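Please look over the fold and the chain contact shown here. A short report comes after the display.

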Amino acid sequence: MNSVSALIVDDSSVMRKIIERLLRQAGLELEHVYEAGNGVEALGVLKDNRVDLILCDINMPVMNGLEFIKALPGVENGKGVPVVMITTEGSESHVVQALSAGAKGYIRKPFTPEQVKENVLSLLVSKT
Amino acid sequence: MKTANELLTARNNHQNWVPLMELATKEVFEMMLGAELEPAVEDAPATLDITAMVGLAGQLCGVLTLKCNRETAARMAERMLGTQPDVGSQDVKDAFGEISNMIAGNFKNKISGMGDNCMISVPTVITGTDYNVYSLSDTDALEVRELFEGLPFIITLEIHS
């Protein structure tokens, strides 16, 4: 697999670091890793940068993850980028809302490294 | 104001949630920290000088509190991050808050129907011991005490309604 650029959106800096570490452990060669603490910051990142994958929390201040993925197609670099939600919200309705809004994967916190690997690799393989 | 019978019935129902709190906590530590917990048999030490609080609102209203000492919290952060943070660093507070957030979320997802009908807040982390928390409503409290690498910590769920 070629190197990829990822955007990690979570209001917890620790969670962003953990997700980046798990992506590397999954065998991804990360060209760039961009971080954002909420949806507005993430949209700002995408104005200037192309990414291959977005991993996004739901509960965040300013703009939550569901609002972010709904706004994503309106940003040039946001179109067609697969989004995996990583969140403590585990109900079926949250999953349905996220998938309806355009998310391609859904991981509930707490999660195992294998869950991250399986979700991310299957998305990147299907994209290529 | 609830009647005495209503309070007793509610408390009995809430006590059934203790095993779910224990399970929710164990899963967070196993999956995110790679750590097996053991039940704490002795009283926790007096110095519990870091506290994370997560509010719950909706069908279940209350506050989930995670307490331990700062060295224990730093060890938890080290297990989460894979690197050793300074005891008083932002990473420790952030990791500790995130653990409380995941316990609260995992717990409410285990109660039938609560996943959709209960929201959890962004966690707040307090350091130090010189403070008191006062609830303004009838409060029922559930408590779980565990050992992480032999180090004690306490999870409390104060239920307001």
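## Overall build

This is a predicted model. Chain A holds five helices and five strands. Along the sequence they follow the pattern β-α-β-α-β-α-β-α-β-α.

How does the radius of gyration of chain A fit a compact globule? A compact globule of 128 residues would come near 14 Å, and chain A has 13 Å, which agrees. The C-alpha trace of chain A spans about 30 × 30 × 30 Å along its principal axes. Of the 128 residues of chain A, 43% count as buried. Take the contacts in chain A with a separation of 6 or more: residues 24 or more positions apart account for 65% of them.

## The sheet

Five strands of chain A form an open sheet. Their order is β2-β1-β3-β4-β5, and the pairing is parallel. Which strands sit at the edges? They are β2 (30-36) and β5 (105-108) of chain A, and each pairs on one side only. From one strand to the next, the twist averages 15 degrees.

## Strand pairs

Start with strand β1 (residues 4-9) of chain A. Six bridges join β1(A) to β2(A), and the two run parallel. In this pair, S5(A) has H32(A) of β2(A) as its bridge partner. β1(A) also pairs with β3(A), in the parallel sense, over four bridges. Here A6(A) stands opposite L53(A) in β3(A). I8(A) has L55(A) of β3(A) as its bridge partner.

Now move on to strand β4 (residues 83-87) of chain A. β3(A) and β4(A) pair over three bridges, again in the parallel sense. L55(A) stands opposite V84(A) in β4(A).

## A covered strand

What lies on each face of strand β3 (residues 53-56) of chain A? Both faces are covered. L53(A) and L55(A) are on one side, while I54(A) and C56(A) are on the other. All four of these residues are buried.

## Crossovers

Between β1(A) and β2(A), the chain crosses through α1(A). This β-α-β crossover is right-handed. Another β-α-β unit consists of β3(A), helix α3 (residues 65-71) of chain A and β4(A). That unit is right-handed as well.

## Contact between the chains

How many residues does each chain bring to the contact? Chain A gives 18 residues and chain B gives 20 residues. On the side of chain A that touches chain B, the largest share comes from helix α1 (residues 13-25) of chain A, with six residues. The residues on that side of chain A divide into six nonpolar, seven polar and five charged.

Definitions and conventions:
Residues numbered from 1 in each chain as written. Chains lettered and ligands numbered in written order. Predicted model: local features only at pLDDT ≥ 70, side-chain atom pairs only at ≥ 80, totals over all residues. Pairing = 2+ DSSP bridges. Axes fitted to C-alpha atoms, helices over the stretch in contact; angles between N-to-C directions. Contact = placed C-beta atoms within 7 Å. Nonpolar A, V, L, I, M, F, W, Y, C, P; charged D, E, K, R; others polar. Rg over C-alpha atoms; globule rule 2.2 N^0.38 Å. Buried ≥ 20, exposed ≤ 12 C-beta atoms within 10 Å, placed from the backbone. Right-handed = clockwise from strand over helix to strand, strands pointing away.
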